[in-house]
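Look at the fold below and follow the chain from its start.

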Amino acid sequence: MGMHRENIRAQLQESCRVKESFSDDLLGRVELFAERSAEALSRGGKIVWFGNGGSAADAQHLAAELVVRLRADRPGLAALALTTNTSVLTAAANDFGYERIFERQIESLVAQGDVLVALSTSGASPNVIRGVDAGGRRGAFRVALTGETGGELAGRVDLLLNVPSRDPQRIQEAHITVGHIACSLIEGILFGNRIS
């Protein structure tokens with residue numbers, strides 16, 4: 001007992017180090033993400049989240065924070081994750097191929113003025129890239145949460161939130177933190193004093 005504590009402490013410290021190393025520029029981009037999202041929601045738009053694997057789980061988690069609540073008792077906010085309808089996912093994969101599972105939904109569900117949020121640690125997932133491109137054709141404001149380089153998504157989105165790490169674990173941890181911060185800011189922008 002106790003032989004893994006140094007490893008645990010080192011991983012906790014590395015997780016903190018990544019989040020503490022966000023540049024002022026990146027903080028400004030997180031702020032812009034929250035502002036653009038609040039603006040879209042106030043105009044009747046929605047926030048659409050998507051990704052693969054752990055990023056899919058994060059997409060669902062963050063959509064729930066907006067639909068239900070993060071901190072405040074307030075009206076629900078229009079948000080959804082593209083990974084929750086197994087019938088749509090499996091039909092799209094079967095009929096068009098796995099690379100199009102997000103693209104097809106975005107063609108159907110995303111409207112001009114919506115905010116489309118792609119989560120990808122590598123920025124290189126073909127189905128996420130195709131989804132972002134579809135969002136551009138639909139007139140969405142496209143955001144990507146990625147790792148340090150942004151991968152192929154870096155040149156395809158309107159706003160890049162690239163976590164300063166190349167370690168997928170640390171990147172995903174920072175993505176959920178950024179998402180929680182953005183949801184908190186969105187609530188504050190839209191509901192102000194009602195936040196407790």
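Is asparagine 127 buried or exposed? This is a predicted model, in which local features need pLDDT of at least 70 and side-chain atom pairs count only at pLDDT 80 or more, while totals for chains, interfaces and linings use all residues. Residues are numbered from 1 along each chain as its sequence is written, and side-chain values use heavy atoms, leaving out hydrogens and water.

Asparagine 127 has 3% relative accessibility, so it counts as buried (under 20% relative accessible area; exposed is over 50%, partly exposed in between, with a 1.4 Å probe and protein chains only). Asparagine 127 lies in helix H6, residues 126–138; helices are DSSP runs of H or I with at least four residues, strands are E runs of at least two, and both are numbered from the N terminus. Apart from neighbours within four places in sequence, asparagine 127 is in contact (heavy atoms within 4.5 Å) with Asn52, Tyr98, Glu99, Ile101 and Phe102.

The largest nonpolar core has 35 residues. Such a core is a set of buried Ala, Val, Leu, Ile, Met, Phe, Trp, Tyr and Cys residues joined through side-chain atoms within 4.5 Å. Elements that each supply at least two of its residues include helix H2 (24–42), strand S3 (115–119) and helix H7 (168–191). H7 gives the largest share, eight residues. A second, separate core of 20 residues includes Val48, Leu82, Phe102 and Ile106.

Finally, consider two helices. In the contact of H4 with H5, Val88, Leu89, Ala92, Ala93 and Phe96 of H4 meet Ile101, Arg104 and Gln105 of H5.
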